[in-house]
Amino acid sequence: MTKDEIAGVLEQIATLLELKGENPFKIRAYTNAARAIETFGANVTNFQDEEAVAKIPGIGRASQKTKELPETGSPCSTDAR
């Protein structure tokens, strides 16, 4: 997956969490993570490398999702359910 695709999925997670009435801080964290990936100037060649993605400023724990997305094609934790 490209960084734009991953950022798009993180935005979708934020939207779903908002519709579900989840904690606003969690929603904002996913939105911020999507923006951080979109605007990150350096190249991350492997978004499954959680350590490399975690170094992106503003990504936080969403780095776990960037590992799951290319492997499964969807964020499989309960956050988006």
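Which helix is the place of Gln12? Select Gln12 and you land in helix α1; helices (H or I, at least four residues) and strands (E, at least two) are DSSP runs, numbered from the N terminus. Before going further, note that this is a predicted model, in which local features need pLDDT of at least 70, side-chain atom pairs count only at pLDDT 80 or more, and totals for chains, interfaces and linings use all residues. Residues are numbered from 1 along each chain as its sequence is written, and side-chain values use heavy atoms, with hydrogens and water left out.

**The whole chain**

Of its 81 residues, 31% count as buried; buried means under 20% relative accessible area, exposed over 50%, and partly exposed in between, with a 1.4 Å probe and protein chains only. Of the contacts (heavy atoms within 4.5 Å) with a separation of 6 or more, 45% are between residues 24 or more positions apart.

**Helices α1 and α2**

Now select residues 3-20 for α1 and residues 24-39 for α2. Their axes come within 8 Å and cross at roughly 165°. That makes α1 roughly antiparallel to α2. Axes here are lines fitted to C-alpha atoms, for helices over the stretch in contact, and angles run from 0 to 180 degrees between N-to-C directions; under 35 degrees counts as roughly parallel, over 145 as roughly antiparallel, 65 to 115 as roughly perpendicular and the rest as oblique.

To see the contact, show side chains on both helices. On the α1 side, the residues include Lys3, Ile6, Leu10, Glu11 and Ala14. On the α2 side, pick out Lys26, Ile27, Tyr30, Thr31 and Ile37, among others. The residues of this contact divide into 11 nonpolar, one polar and five charged. In this count Ala, Val, Leu, Ile, Met, Phe, Trp, Tyr, Cys and Pro are nonpolar, Asp, Glu, Lys and Arg are charged, and the others, Gly among them, are polar.

**Three stops along the pair**

Select Thr31, in helix α2. At 15% relative accessibility, Thr31 counts as buried. Leaving aside neighbours within four places in sequence, Thr31 touches Glu11 and Ala14.

Return to Gln12, which counts as exposed at 52% relative accessibility. The C-alpha atoms of Gln12 and Thr31 are separated by 8.9 Å, and the two residues are 19 apart along the chain.

Next take Leu16, also found in helix α1. Leu16 is partly exposed, with a relative accessible area of 44%. From its C-alpha atom to that of Ile27, 11 residues apart along the chain, the separation is 8.8 Å.

**The core**

Finish with the largest nonpolar core, which has 17 residues. Such a core is a set of buried Ala, Val, Leu, Ile, Met, Phe, Trp, Tyr and Cys residues joined through side-chain atoms within 4.5 Å. Select Leu10, Ile13, Tyr30, Ile37, Ile56, Ile59 and Ala62, the residues with the most contacts inside this core. Helix α1 gives the most to this core, with seven residues.
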